[in-house]
Amino acid sequence: LRLQKVEKENEIRSLSLHYDEIQCYYERLNEKKKCIRSSINELNTRKNEIIRTSQQKERMQELILRSRQGQNELDRAVEGMADYSESTLLPLQSVQDVNLKIRLLGDDMICTLNKMRHLKRRMTRIKWENDYLDLKNNDAREEYTDIQMLRVTKQVKLVLSGEENEKEFQRVE
């Protein structure tokens, strides 16, 4: 009986070791399975991206074929070195429409600036006329004051009344 018990224990140990080995092997297989699944997912993602970009390129080629002929705005010297990979083709009519809107806005701006210039010119002229009239008014006041301060003699009184001119006129005749 004792011998049987020892044999059973040995068998259990060997089976337990074998079980541990199988368990380790199973865990390694699970890890490999996870790695393979992640690789498969990455590859599927890349595949989908490639499919999406190829479909976009096909649509872009269709768009290029369907759109009207455009206009190249680059300089001829630079054209040889131009990189069109990130460029966008636009119909010529849409570019001309935008340019027309820009010109109209620019014309409105120029018209407004011209009005402002004429207004400023008129304001400057009015200010000059105002200063001129102020100076003229001051001169008239000073002349009036001078006349008031003038001593009135018989000769001056005759000149102011106009009788002196009549007498001279009669003498000349």
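**Entry 1: a pair in helix α3.** I started with K127 and D131, which both sit in helix α3, 4 residues apart, or about one turn of the helix. They form a salt bridge, and their closest N and O atoms are 3.9 Å apart. I kept in mind that this is a predicted model. Next I looked up how open the two residues are: K127 is exposed at 54% relative accessible area, while D131 is partly exposed at 37%.

**Entry 2: another pair.** I then checked E129 and R125, again both in helix α3 and 4 residues apart, about one turn of the helix. Their salt bridge has its closest N and O atoms 3.5 Å apart. R125 counts as exposed, with 53% relative accessibility, and E129 is partly exposed at 34%. The count of salt bridges comes to 2.

**Entry 3: a nonpolar patch.** How much accessible area do M109, L113 and M116 have together? I noted about 320 Å² for this nonpolar surface patch. M109 belongs to helix α3, which covers residues 92-149.

**Entry 4: cysteines.** I looked for disulfides and got 0. For the record, a disulfide is a covalent bond between the sulfur atoms of two cysteines. I also looked up C35, partly exposed at 49% relative accessible area, and C111, partly exposed at 38%.

**Entry 5: the whole chain.** I stepped back and found 5 helices and 0 strands. From the N terminus, the order reads α-α-α-α-α. Of the 173 residues, 1% count as buried. The chain exposes about 17500 Å², and I jotted down that carbon and sulfur atoms supply 56% of that area.

How values were computed. Residues are numbered from 1 along each chain as its sequence is written. This is a predicted model: local features need pLDDT of at least 70, side-chain atom pairs count only at pLDDT 80 or more; totals for chains, interfaces and linings use all residues. Side-chain values use heavy atoms; hydrogens and water are left out. Patches are made of residues with over 30% relative accessible area and no salt bridge: like charges are joined within 9 Å, nonpolar side chains (Val, Leu, Ile, Met, Phe, Trp, Tyr) within 5 Å. Accessible areas come from the Shrake-Rupley method with a 1.4 Å probe; for residues, only the protein chains shown count as cover. A salt bridge is a side-chain nitrogen of Lys or Arg within 4 Å of a carboxyl oxygen of Asp or Glu. Helices (H or I, at least four residues) and strands (E, at least two) are DSSP runs, numbered from the N terminus. A disulfide is a pair of cysteine sulfur atoms within 2.5 Å. Buried means under 20% relative accessible area, exposed over 50%, partly exposed in between (1.4 Å probe, protein chains only).
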